[in-house]
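Here is a friendly note to read alongside the model. Please keep the viewer open as you go through the points.

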Amino acid sequence: MALRFTIKQLEYFMSVGELGSIAKASAKVNVSSPTISASISQLEDEFGLALFVRKQAQGLSLTQAGRQFLEQARKVLAEANNLNRLAGSIAGNVQGPLSIGCFLTFAQLLLPAIRREFQINFPDVQVSQIECDQQTLFEKLKSAEIDIALSYDLEVPPDLEFIPLRLLPLLAVVATNHPLAKHHSVSIETLAEHPMVLLDLPISRKYFLNAFKLAGLTPDISEKTRDMAVMRSLVANGFGFSLANIEPHSNFSPDGQALKFLPIEGSVKPLRLGFIVAEGSRNVLAIDTFIEEATKIIAGWDYPGLPI
């Protein structure tokens with residue numbers, strides 16, 4: 001039986017359905033608005049369904065039928081991508097879309113450099129990226145919104161696979177005029193005597209606070225932030241110390257003030273940097289190749305310095 005639609009028509013429909021605007025969809029897929037409008041009209045005529053309610057000056061809204069159609073279109077397009085990947089795997093060609101998630105606190109330090117080298121070597125892979133906290137990365141992997149995540153080994157669910165790359169010890173971050181800056185290392189007990197700026201992200205906060213809990217201590221939290229750059233500026237401006245697991249080349253806050261990174265004394269649990277994938281994902285050639293290539297790239301970097 002002949003198909004009543006094309007993959008391109010579904011792609012245009014999905015873009016408009018998600019964005020609520022033909023103009024926005026046109027910019028996203030780099031196709032003219034009349035072409036997208038005509039494709040949607042063809043779909044509606046072919047299936048005898050009104051997929052959108054057209055409101056002047058308010059864009060387009062999906063009808064009930066349109067919402068159901070969009071849900072199924074996503075599945076069809078996902079299977080079409082899988083078919084492309086399968087063909088590439090059979091032919092031994094690394095190609096097709098690859099969506100990468102990265103833990104947001106270090107995405108700017110790691111992912112662009114990894115992507116640059118990978119995409120030079122494998123130009124037929126269409127890479128996209130997103131930065132999230134740990135819990136959101138898990139959710140997006142399970143819903144197949146992303147193919148792979150670069151993150152830490154924090155509370156990884158049993159139905160996801162963690163592929164370790166390297167250990168990253170816990171570090172204290174202080175301003176250069178902080179009383180602890182004169183030390184070469186510092187203990188958790190000593191840190192507990194000073195105000196703390198907590199990087200307050202889901203799962204991550206538990207890891208940082210647990211370092212004190214295991215020592216029978218409670219930190220004096222003076223400030224909380226979900227943003228790594230804000231944390232560095234708060235520390236540099238004297239609001240307290242903080243904790244991190246990566247020390248970049250540039251030990252300056254975003255507002256240009258110097259910071260110092262101190263190793264933590266004692267048996268404080270380090271984090272493992274690595275990839276997280278859904279079970280069976282390494283059977284996809286683009287995913288497996290990215291893991292292999294990124295592993296080589298990261299192995300060539302000196303810790304604690306990272307390319308930025």
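1. Glu155 sits in the loop between β5 and β6; helices (H or I, at least four residues) and strands (E, at least two) are DSSP runs, numbered from the N terminus. Glu155 is not a glycine, yet its phi is positive, about 50°. Most residues other than glycine have a negative phi. With a relative accessible area of 44%, Glu155 is partly exposed; the scale calls a residue buried under 20% relative accessible area, exposed over 50%, and partly exposed in between (1.4 Å probe, protein chains only).

2. A word on what you are looking at. This is a predicted model, in which local features need pLDDT of at least 70 and side-chain atom pairs count only at pLDDT 80 or more, while totals for chains, interfaces and linings use all residues. Residues are numbered from 1 along each chain as its sequence is written, and side-chain values use heavy atoms, with hydrogens and water left out.

3. Now the overall picture. The protein has 10 helices and 12 strands, and its C-alpha trace spans about 75 × 50 × 35 Å along the principal axes. Of its 308 residues, 46% count as buried. Among contacts (heavy atoms within 4.5 Å) with a separation of 6 or more, 69% are between residues 24 or more positions apart.

4. Another positive phi is found at Asn30, also not a glycine, with a value near 60°. Asn30 belongs to the loop between α2 (22-29) and α3 (33-47). Is Asn30 buried or exposed? Asn30 is exposed, as its relative accessible area is 72%.

5. Helix α3 also takes part in a helix pair. Helix α1 (residues 7-19) packs against α3 at an angle of about 105°, with the axes 9 Å apart. Here axes are lines fitted to C-alpha atoms, for helices over the stretch in contact, and angles run from 0 to 180 degrees between N-to-C directions. The two helices, α1 and α3, are therefore roughly perpendicular; angles under 35 degrees count as roughly parallel, over 145 as roughly antiparallel, 65 to 115 as roughly perpendicular and the rest as oblique. On the α1 side, Gln9, Tyr12, Phe13 and Val16 meet residues of α3 including Thr35, Ile36 and Leu43.

6. Compare that with α5 (residues 107-121) and α10 (residues 285-299), which pack at an angle of about 125° with axes 10 Å apart. This makes α5 and α10 oblique to each other. From α5, Ile114, Glu117, Phe118 and Asn121 meet α10 residues, among them Phe290, Ala294 and Ile297.

7. Where is Ile114 found? Ile114 is in helix α5, and it is buried, with a relative accessible area of 0%. Although Ile114 and Ile297 are 183 residues apart along the chain, their C-alpha atoms are separated by 6.7 Å. Setting aside neighbours within four places in sequence, Ile114 contacts Leu150, Phe290, Ala294, Ile297, Ile298 and Trp301.

8. Next, helix α6 (residues 134-142), whose buried residues are Gln134, Leu137, Phe138, Lys140 and Leu141. These pack against β3, β4 (125-132), β5 (148-152), β6 (160-168) and β12 (271-278). At the start of α6, a side-chain oxygen of Asp133 comes to within 3.1 Å of the backbone nitrogen of Gln135. After α6 comes Ala144, with a positive phi near 65°.

9. The side chains of Gln134 and Ser151 are joined by a polar contact of 2.3 Å. A polar contact is a pair of N or O atoms within 3.5 Å; within protein, one must be able to donate a hydrogen and the other to accept it, and residues adjacent in sequence count only if both atoms are side-chain atoms. A polar side-chain atom of Gln134 also lies 3.0 Å from the backbone oxygen of Leu154.
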